[in-house]
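Load the model in your viewer and switch to cartoon view. Keep the selection panel open.

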Amino acid sequence: FGNCSTYSEEECIGIAEAILESEDDIVAASSEFLDISTQEAQSLLKVVFARNTDDQDSCSSNDTTTFLGADSNIDVHEFNDEEESIASADSADDYIVEGECELCEREVKLTQHHLIPKCTWKHIKARFMKAAKPYEKSHFEEVKDILGLGSELPEGISYRTFTSGLTIRHYLAHHTAYLCRACHSCIHSNHDNMDLAERYNSVEKLLEDEKIYKFCKWQSKQKKQGKHTLKR
């Protein structure tokens, strides 16, 4: 990042996030620790704020100016616009890669499904924050009750998940499944987003639903659509 060659961009962002939570003058601290200019430190912290936009409900423009300095020229609304752009791209119509659908197992173009849908993150993140201390104390039954995401903890959760708002967001953003458009549409037509978040937050759980299972079994026998559609 900038002139900082010692750390990768992800490491710089992680360091800045830690500084954000522990230092009064975060711009100066980031600049000194990473050996980068004040302007580069402000740009780095802008990235941190942008990647953690689900915290913006409690972070006003005045708060941001206080954090980064009056000369930072950073508009907090820019982060909300970016988040809306990302959210709008999370659609069953957006193909991202070609491979095997995790539900019907056909080799086709795939979409990305967030197993905990984006529109529920604000509510689910609050549960994660509340569950942080019980998880640290290994009170896993209490954690499961607080999260309300099933009888087992969601796959991939670790101590690092609960470190900060950013690490929680990182977990939610990467807790995904690659599905064909038909299967993706099927699950959303059968369940609302909160139901998917709380009861169907894994591929295995999705396949426990009889309607989804029957559809995926039928879909697995369908021929992959070719480059040209033949009409009869």
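This tour visits a sheet, then some helices. Bear in mind that the model is predicted.

Stop 1: Select residues 97-100, 107-114 and 176-179. These are β1, β2 and β3. They form an open sheet of three strands in the order β1-β2-β3, and the pairing is antiparallel. Which strands lie at the edges? They are β1 and β3, and each pairs on one side only. On average, neighbouring strands in this sheet are turned by 55° against each other, direction ignored.

**Stop 2: the β1 and β2 pairing.** Zoom in on these two strands. Four bridges join β1 to β2 in the antiparallel sense. Pick Glu-100, then Glu-107: the latter, in β2, is the bridge partner of the former. Strands in a sheet pair through backbone hydrogen bonds.

**Stop 3**

**Stop 4: helix α7.** Now select residues 140-147, helix α7. Show side chains. Which residues of α7 are buried? They are Val-143, Lys-144, Ile-146 and Leu-147. These four sit on the same side of α7, because they cover an arc of only 165° around the axis. Color Glu-141 and Asp-145 next: both are exposed, on the other side of α7.

**Last stop: after α7.** Click Gly-148, which follows α7. Its phi is positive, near 60°.

Technical notes:
Residues are numbered from 1 along each chain as its sequence is written. This is a predicted model: local features need pLDDT of at least 70, side-chain atom pairs count only at pLDDT 80 or more; totals for chains, interfaces and linings use all residues. Side-chain values use heavy atoms; hydrogens and water are left out. Two strands pair if DSSP finds at least two bridges between them. Axes are lines fitted to C-alpha atoms, for helices over the stretch in contact, and angles run from 0 to 180 degrees between N-to-C directions. Buried means under 20% relative accessible area, exposed over 50%, partly exposed in between (1.4 Å probe, protein chains only). The arc is that of the directions from the helix axis to the C-beta atoms.
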